[in-house]
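Biologist: I would like to go through this structure feature by feature. Please give the general idea where there is one, then the case at hand.

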There are 4 protein chains.
Amino acid sequence: MNNKRRICFIITSRIHYARNKILMKLVNEDPEFKTQLIVGGSALLAKYGDILPNLQADGFRSVDKLYTSIEGGDNIAMSKTTGLAVIEFTTALQRFKPDIVVLRGDRFEVLAAAIAAAYLNKTIAHIEGGDLSGSIDESVRHAISKLSHIHFVTNEKSRDRLVKMGEQPDFVHQVGSLDIEFLAQTPPEILDEKHLNFTGVGATIDFKKPFIIVMQHPVTTGEDNFKNVNETLRAIQESGVQAFWFWPNIDAGTDDISKAIRLFREQHDQYQIRFIRHLSPEQFAALLKRAACLVGNSSAGIKEASYLGLPAVNIGTRQQNRLAGSHILNVVYDHREIAEAIKKQLAHGSYPSSDLYFKAGTSRLIFDILKKTPLYTQKKFYD
Amino acid sequence: MNNKRRICFIITSRIHYARNKILMKLVNEDPEFKTQLIVGGSALLAKYGDILPNLQADGFRSVDKLYTSIEGGDNIAMSKTTGLAVIEFTTALQRFKPDIVVLRGDRFEVLAAAIAAAYLNKTIAHIEGGDLSGSIDESVRHAISKLSHIHFVTNEKSRDRLVKMGEQPDFVHQVGSLDIEFLAQTPPEILDEKHLNFTGVGATIDFKKPFIIVMQHPVTTGEDNFKNVNETLRAIQESGVQAFWFWPNIDAGTDDISKAIRLFREQHDQYQIRFIRHLSPEQFAALLKRAACLVGNSSAGIKEASYLGLPAVNIGTRQQNRLAGSHILNVVYDHREIAEAIKKQLAHGSYPSSDLYFKAGTSRLIFDILKKTPLYTQKKFYD
Amino acid sequence: MNNKRRICFIITSRIHYARNKILMKLVNEDPEFKTQLIVGGSALLAKYGDILPNLQADGFRSVDKLYTSIEGGDNIAMSKTTGLAVIEFTTALQRFKPDIVVLRGDRFEVLAAAIAAAYLNKTIAHIEGGDLSGSIDESVRHAISKLSHIHFVTNEKSRDRLVKMGEQPDFVHQVGSLDIEFLAQTPPEILDEKHLNFTGVGATIDFKKPFIIVMQHPVTTGEDNFKNVNETLRAIQESGVQAFWFWPNIDAGTDDISKAIRLFREQHDQYQIRFIRHLSPEQFAALLKRAACLVGNSSAGIKEASYLGLPAVNIGTRQQNRLAGSHILNVVYDHREIAEAIKKQLAHGSYPSSDLYFKAGTSRLIFDILKKTPLYTQKKFYD
Amino acid sequence: MNNKRRICFIITSRIHYARNKILMKLVNEDPEFKTQLIVGGSALLAKYGDILPNLQADGFRSVDKLYTSIEGGDNIAMSKTTGLAVIEFTTALQRFKPDIVVLRGDRFEVLAAAIAAAYLNKTIAHIEGGDLSGSIDESVRHAISKLSHIHFVTNEKSRDRLVKMGEQPDFVHQVGSLDIEFLAQTPPEILDEKHLNFTGVGATIDFKKPFIIVMQHPVTTGEDNFKNVNETLRAIQESGVQAFWFWPNIDAGTDDISKAIRLFREQHDQYQIRFIRHLSPEQFAALLKRAACLVGNSSAGIKEASYLGLPAVNIGTRQQNRLAGSHILNVVYDHREIAEAIKKQLAHGSYPSSDLYFKAGTSRLIFDILKKTPLYTQKKFYD
């Protein structure tokens, strides 16, 4: 074994991969690092597109894939998946013996990876800690931070919060958002309009007219996801605006949302919505740059829309307390409120771009720190 | 289903049960509560004594037992046990559907229970959060706190820390330590000297002369547990003092410690140590009240010894940063330092009792709060 | 606890439930039995339709549901699912404490249930043992038989085979097939033609003209499922016959088949195939009674078609060595051979009904045996 | 990847390793093979002695270790361990990609390995199939055979049985017993009498006088293991003969046996039994060659004793129906019967050696077949 610094990235979804790729390539091409990938969760599911050929084409050699998703689409499946994932990540990390494990975000597979890495005495670098958002995701994000050693946060507020939570200031780095960096670097011209109208089901979108994007994820803390998605569908139907509706991720509650969409389609002969399950992150970024408004409860309405100045309608509590810009109108799950907000935002048009979550050269900043940071495993509370 | 408040206690060791019993009985005997027990981890292993008959005799009716301990005795086994435990706790909690899940401490099974409870949207009450201690246990303790909703801390410093970490002040209650309450209520007269000299192996202890107690747990963050325990064995041998040595818990590293003890016994014809694997918590409490000094890296040296004014020698970093009284001498894993500190403490004798961790009526305080506290599952960071 | 005989049925798919319902209702309505259901595998997935409301409507009270399916759609996911299922079935059986566990078939979840039941010392009754079929399913079916105590086989050859394998003749009962009983009892008039043309995607079927049914499952022993399904698609396209194509079950290889179908649809503007993912077992049975030919590698081509006299084209080795009637033409995965065989069968038309797999009153026969059979757990090889 | 034949041995206990070592070394030293080891179960537990250093010293390079034993010591733990082991073996086999997986025996970890290997389409070679023995082990052994492709049996009766069960005669090889080969090759002079009297606890054995060996494993199908072991203890106490008592394996029921032994020791001041938990397989073989009688329910009483002509007292049904020689007296779990049988056997003395389970050059025979046998994965029932 030589003394290269071994960096293990945990990839749990395709979009996650797309947004980490600039960073990962920097690391992979540097001879002082040995790069390792552990791929699990939805990133592996063929129905979302197999990413292993992509990983090879992108030059990654040490790749382990983990089967951790237990089907069920509800809270129980999510919790059990976390358990299975801890077992599987332990095996994979034991095999790779990395010096640093790089995690990102707040999903249950990421918590699982953090636990395995912590018990195996690895130095954990966590990206996107410190944010507030509501939902179980926020608690999980903070729990991951308390197991991590090096923090790459996207904004100053999150930096302050992590230090207050006892993390060592020298190891909390504000580097901006990898997502926004990815968005900024994606050229809008790559948008393949024809392909989009062939993808998914529903209405054909006329790109010469304004269209909105809807992303509504299930909420796992006891909400009625079926009803909530119906409110949004009704609001859009009433607005008469064209919309791309993106299917939710595979959180608990997904099946309720799928059911609501299916029923909507069966009950309406006429509608202007195109429902899409999967789109490449690059196409999605390009589409965002062309949209007139973003509606739903995705963090894209907070972060990506902030950078683009894209008017956003944020529904419900899923993103509550995230650091949010003035481009957002917050509403509850009520079709009247949602329709009204969409109308206002379409009338308003673009907002100025904000750098709340943007910092130039995010990947390079992280790369430099991964290269030089001292490593440690025994944490000490910063009192 | 009636509207009794359903309280589910998670029990992961025999000692844990002994120390929660006053509280659990209060809850169990109150008609407004429905009490549920989930028993797992070492509490179930027959070699530690089956506690199920005890639970029945103590009046608990709704008991589920979980098999979660994966054998191996090292970090990998610990991590995989956590994963399996998440799966099993999910099943058990799904079956019991409690209103409040009461967790305690910082062990990996407790983290597993916290994750399952969080994803199942239960209100989590956590006992003993906010302490600093070093070791992976501290990170895990804080992660559990960030998943919990109601906090019962043992001291003011821990209360301040949890609030700083973003927990709502109204839900962080300083109630003192259940362990100290248990210790305070255990009469020293129950000590069964004859039984003690029949239990375990090694020298016969003369209770008319001073004796010390040694408890040295494995440290999971990369230390050489084999060497460390040898230093302590040598220190005691050189001190010539009588000692009860208590076998470690089943953390990673246990096997190294067992091996060191076995070799010590094979290599020494003469020694004054009695090695004991298991003692009832009641007998142990009584024994503590008779000891001349407590040596090792157990939290008993910090907490129990503080209340008793029992001189303690704390070795290494496992308890570092815990709120500690003046009855402690801190040393590193070096036989000379340890021997020297034992000598000093024996010469010093008793210290005054401290109430750093003691508050009268701890169980009653917790009980009252469990009864009246509003319940919630969606956390909100206290900024 | 009273002395009712406790019968626990393991249900792992919706179709499995439909076909066991006559038997299960007989048991459930008899006061000498206590009926228990453990539902897992694809039976639980919402995308296949939640069966829990059905179970309640059908009068079943003691139902436990298990999450055991690990996503991935390949051999690895199948194997790991088996492992997880053993863990989960153990918990469920430990809770229910049945006298008899009734299993059926050869799928991996069923093997998992058999293992759990065997180690928990339950009497296992297995339905459909002794058949030959090729594929890993056959080995698994025999392994389940060797763990089982009471056997309900569908044909004489299977009875002989189990006795030869060492099963006690007194406990091997030839009772005919529950599937055929279900088929026989389903009236063809319930067919909802309009609903069928609304279900799934692809061509609209003209029910006044002949149509065929295609069911091609993935094969798990190293075959190229993608290529194989392409051959069949091409054969049908060349035949010009109308077809209902039913999506495969969730075995390893499913994703390859899905991909082949997706590409076929994208590459052909004109085709006469309707692709259907899920149809109720009742509708499917009615549809079978109206079809002109059955094509693929499903056991329906062997068993159901045999009873109906429905011409069948059996492709590849998946059903090899099953006891098969003269209504079948066997071909390899080659579009020319398949198209030729379809043509021949359409020209031939109906065959006489066979009772190879049919026996009147199958459910009643099983019910009577479950009621009176002596129970035992220690097996003795019949030499 | 070159075209060496990759052979993966599954090792689940230390004794298992000792007895396979001659074969494994033959394979490992042949350049046409690539040898892989997967080590799990009790082979990994430090309290039984870590075998990894041994494996390295013996020249094995590709070793993966699996943590699969769930603590609990009863049926439930055994069943859940099987499930966890399927998950872990799947990972390990997926990584090693062997051509042949070599399994041995009938324990639950072996069933787990067989399932993983079968679903991953590996050729499975199984050693010691076809025997009858009673207990759940027999059913499991037959289930493993039905999942396996190449069989190495120890006697003619087992060969006939496997063929009758549908295994292809060309792939069922009678090669004698690896255990007996190991026994035959172990020189009795290596016995370390002093070490034996230092190992374990209890009476000091006088090697100049006759002594017996007791091995009583728990029975998992509902027997009262606590009572059974008491009968044997009482029988030996009444016989007045010296005895080495070997602790049982870690099957369900172990804890009951441990408890019975502990109570016996506490209740008797005088006894002539030495209780030993672990002895190296080599020392045990040498000890067998010096013993006057073998008592209990271990297969050693059937197989090893047969070759040595060692008088044996076989208790209960655990070995029932195994092919047994005339050196055995069968008794039930009754102290009078057991004591009487011991007395008779001591009076009788040695029996002639039998070759029921012995064939010269067992390892070489297996090695030659592994080298030349055609491989296949799709089984075909031999009707």
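**Strands, symmetry and contact**

Modeller: Begin with a strand pair in chain A: strand S9 (residues 211-215) of chain A and S10(A) run parallel and are joined by 5 bridges. Keep in mind that this is a predicted model.

Biologist: Which residue of S10(A) is the bridge partner of Ile212(A)?

Modeller: Ala243(A) is the partner of Ile212(A).

Biologist: Is strand S10 of chain A mostly covered or mostly open?

Modeller: Mostly covered: 5 of the 5 residues in S10(A), residues 242-246, are buried. Gln242(A), Phe244(A) and Phe246(A) point one way, Ala243(A) and Trp245(A) point the other way, and all are buried.

Biologist: Take a helix residue for contrast. Where is Arg234(A) placed, and why does Arg234(A) count as partly exposed?

Modeller: Arg234(A) belongs to helix H9 (residues 225-239) of chain A. A residue is buried with 20 or more other C-beta atoms within 10 Å and exposed with 12 or fewer. Arg234(A) has 16 C-beta neighbours inside 10 Å, so Arg234(A) counts as partly exposed.

Biologist: How is chain A divided into domains?

Modeller: Domain 1 takes 5-176 + 359-372, and domain 2 takes 188-348. Over C-alpha atoms, the centres of these two domains of chain A are separated by 27 Å.

Biologist: How should I read the relation between the two chains?

Modeller: In general, two copies of a chain are related by a rotation about an axis and a shift along it. Here, a rotation of 180 degrees with 0.0 Å of shift along its axis places chain A on chain B, with an RMSD of 0.0 Å. That is the relation of a two-fold axis. The same surface serves both copies, as 100% of the contact residues of chain A recur in chain B.

Biologist: How many residues does each chain bring to the contact, and which elements of chain A give two or more?

Modeller: Chain A brings 39 residues and chain B brings 39 residues. On the side of chain A, the elements are helix H3 (75-96), helix H4 (108-119) and helix H5 (135-147). H3(A) gives the most, with 12 residues. By class, this side of chain A has 18 nonpolar, 16 polar and 5 charged residues.

Terms used
Residues numbered from 1 in each chain as written. Chains lettered and ligands numbered in written order. Predicted model: local features only at pLDDT ≥ 70, side-chain atom pairs only at ≥ 80, totals over all residues. Least-squares fit on C-alpha atoms with pLDDT ≥ 70 in both. Contact = placed C-beta atoms within 7 Å. Domains from an automatic or database assignment. Helix = DSSP H or I, 4+ residues; strand = E, 2+ residues; numbered from the N terminus. Nonpolar A, V, L, I, M, F, W, Y, C, P; charged D, E, K, R; others polar. Pairing = 2+ DSSP bridges.
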